[in-house]
Amino acid sequence: MKLHTPPRTERMAVDQDWSSVYPTAAAFKPASVPLPIRMGYPVKRGVPPPKEGNLELIKIPNFLHLTPPAIKKHCAALKDFCTEWPSALDSDEKCEQHFPIEIETVDYVSAGTSIRNPKARVVTLRVKLSHLNLDDHAKKKLIKLVGERYCKDTDMLTITTDRCPLRRQNYDYSIHLLTVLYHESWKTEMWESEKTEEDMEEYIWENSCSQKNALDTLLRIKASENVSNVTKEELLASEVVKNYRNSVIALKNEGETENNMSQYKESVKKLLNIQALP
Amino acid sequence: MQVHWRNNTDHFEKRHQTFLSVTVCVLPSQAKHSEHHEGRHYSIPLEEVKAVFPHGLPSRFQQQIKTFNEACLMVRKPALELFTYLKSSNFAHPAVRYVIYGEKGTGKTMTLCHVVHYCARQGWLVLHIPDAHLWVKNCKELMKSSYKEERLDQPLQASVWLKNFKASNERFLKEIKTQKTYVWGKQESTEEGRPLGEVVEQGLARTRNASDAVGVVLKELKQQCQRGSFRLLVAVDGVNALWGRTTLKREDKSPVSPGELTLVYNLRKLMMNNWNGGAIVTTLSQTGSLFKPRSAYLPQELLGKVSHGLPPPSFTMGNRNPGWGTASGHGGRVCFSLSSHNIL
């Protein structure tokens, strides 16, 4: 017969040092964890099984070795190997202003015979386009060249390189890519003059069919009222045409929303002088 | 439909009361419909229905007319808006194009029919194309046009439309005279100065020339409307068919674009706003449209990229709130109020 000694949990003080109970990653030991945990599917009109001899609790990974006080101790131990954060860089904006390019690399450690990991060669370079000196044409060209790697909402260009075997080579390659993109986007090739309306990123009202037709209609209206000598420039500069132009641009660029449609309707009503009787 | 009823039970009580009041009192003449008539139904005498709508009403509504022996149209807000615009429009200015859009079942076709009836009562010449989608699909006979080489004729669709057009506009066809001589064949021609009804007869008699007859009618009406002797209302249902794709193919299996069909080509010319003396009222419809997803209802979605190149539609009226006038809701309401009518 085996003597049943009470489990260790009954002799644990409330303010004990938990990192000495679980200094490293270890399986769940029910006798060492003083928590009344139940886990598993309950029988009919029953409760989940208790922690003693519970395979479900032992199978799953646990983070009992990574409680906040334990992590504090890790940081304190690592502090000797770190240098001080420069005091001048105390806000995110200052960091971004002085160091616009961010390089991300990942190091991998695993228990095994080899320290090498092929995933460690990946280098990610992130930069905001507003920090680069680009004019309108250069920015549009760069975005077209880069394609999916640019995020419009955050204005961030992300280049991920992993084609070289070493991390240093990948880093050099990503810097080289950035340089090439920057210089190429500033150049204008001969064939860029063949850019058609479908290639345009946003709708431009000047010299479009919409402008032509609006002017035609207005000229016809004026002709029917026998008001002559109204030039195109005058019409273009008038309030109603500007209103119409803004509403058309909003419709085409932002898509159709209730607001846009009602704005368009109001501007057309004013343009064509349609009044609703009360 | 069940969910719909549950949500709108308070609507039902209100509607029930207003319909009762409509059957009791005589509704003022249609020209005087105003905002407080919104939501009520008004009935059109059946003889007028036959005269004004030989081909305009949706098939479900026609079944409803047969069942209940009455044609009741609901007065909707966009229709009332349109009436104010039409009343105050200046006919010396280029024709204004109105586009009615909205989700499925919100009453766009019925609004259009309401406007057509209003204009017919006011004495306008109504050019009603009931469903432009019918012209770009399911055509049994496609012939090469004798007038222009690259275009294609659709004799069946053209003759059906001519028949219905004649039924609704007899009076005008006698009054309007042609301004040019049209030669149909070796021995057939229509002289200048003959009533337009002869062109229509020619199209009906010889289906080969039906599409060209339609083209002639549209051209003449557009030219003569500017003189001011009559007002022209162009009412097109499903106008997005004119600028979309067709499912028709030539004999060598090459696809046909809408611009190559005579009927569509001539109608597109009427859609331009380079004429005056009338108005153009159109509807955008996804039902019956080709190659468009079921959820599309906004103008740019249905008209597609051509809406960039088109002269912009002059403006749009949204038919919102399916709860107000869905076909199922409408049918439900009429049934409800009709039973109470019988009880009374």
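Visitor: Against which elements do the buried residues of α5(A) pack?

Guide: In this predicted model, the buried residues of α5(A) pack against β3, β4 and α6 of chain A. The buried residues in question are Ala138(A), Lys141(A), Leu142(A) and Val146(A). Seen down the axis of α5(A), they fall within an arc of 125°, so they line one face of the helix.

Visitor: What is the general idea behind such a face?

Guide: An α-helix has 3.6 residues a turn, so residues three or four places apart point the same way. A second case is helix α6 of chain A, residues 167-186. Its buried residues are Asn170(A), Ser174(A), Leu178(A), Leu181(A) and Ser185(A). Down the axis of α6(A), these residues fall within an arc of 85°, so they too line one face of the helix.

Visitor: Which elements do the buried residues of α6(A) pack against?

Guide: They pack against β2, α5 and β4 of chain A. As for its length, α6(A) has 20 residues and reaches 29 Å from its first C-alpha to its last, close to the 28 Å expected at 1.5 Å a residue.

Visitor: What follows just after α5(A)?

Guide: Gly147(A) comes there, and it takes a positive phi of about 70°.

Visitor: How should I read the strands of a sheet?

Guide: Strands of a sheet pair through backbone hydrogen bonds, either parallel or antiparallel. In chain A, an open sheet of 4 strands has the order β1-β2-β4-β3, and the pairing is antiparallel. Strands β1 (102-105) and β3 (150-151) of chain A stand at the edges with a single partner strand each, so one side of each is left without a neighbour in the sheet.

Visitor: How many bridges join β2 and β4 of chain A?

Guide: Strand β2 (residues 123-128) and strand β4 (residues 156-161) of chain A pair over 6 bridges in the antiparallel sense. One of the facing pairs is Lys128(A) opposite Met156(A) in β4(A).

Visitor: Which annotation covers residues 115-187 of chain A?

Guide: According to an unreviewed UniProt entry, the annotation for these residues is "domain: Small ribosomal subunit protein mS35 mitochondrial conserved". In the model, the span is 42% helix and 19% strand, and its end C-alpha atoms lie 45 Å apart.

Visitor: Let us turn to chain B. How many helices and strands are there in chain B?

Guide: Chain B has 15 helices and 11 strands. Of its 344 residues, 52% count as buried. Among the contacts in chain B with a separation of 6 or more, 74% come from residues 24 or more positions apart.

Visitor: Where may I find parallel pairing in chain B?

Guide: Consider strand β9(B), residues 232-237. Strand β4 (residues 125-129) of chain B pairs with β9(B) in the parallel sense over 5 bridges, and Leu125(B) stands opposite Leu232(B). β9(B) also pairs with strand β10 (residues 278-283) of chain B, in the parallel sense and over 6 bridges. In β10(B), Val281(B) is the bridge partner of Ala235(B), while Ile280(B) is that of Val234(B).

Visitor: Which other strand pairs with β10(B) over 5 bridges?

Guide: Strand β3 (residues 96-102) of chain B does so, in the parallel sense. Here Val281(B) is the bridge partner of Tyr98(B).

Visitor: Are the faces of β9(B) covered or uncovered?

Guide: Both faces are covered. Leu232(B), Val234(B) and Val236(B) are buried on one side, and Leu233(B), Ala235(B) and Asp237(B) on the other. In β10(B), Gly278(B), Ile280(B) and Thr282(B) point one way and Ala279(B), Val281(B) and Thr283(B) the other way, and all are buried.

Visitor: Does Ser189(B) count as buried or partly exposed?

Guide: Ser189(B) counts as partly exposed, because its relative accessibility is 35%. This residue lies in strand β8 (residues 189-190) of chain B. Leaving aside neighbours within four places in sequence, Ser189(B) is in contact with Tyr182(B), Val183(B) and Trp184(B).

Methods
Residues numbered from 1 in each chain as written. Chains lettered and ligands numbered in written order. Predicted model: local features only at pLDDT ≥ 70, side-chain atom pairs only at ≥ 80, totals over all residues. Heavy atoms only, no water. Pairing = 2+ DSSP bridges. Helix = DSSP H or I, 4+ residues; strand = E, 2+ residues; numbered from the N terminus. Expected span 1.5 Å × (residues − 1). Buried < 20%, exposed > 50% of the residue type's maximum accessible area, 1.4 Å probe, protein only. Arc of directions from axis to C-beta. Contact = heavy atoms within 4.5 Å. UniProt positions renumbered as here; feature names shortened; annotations may be inferred.
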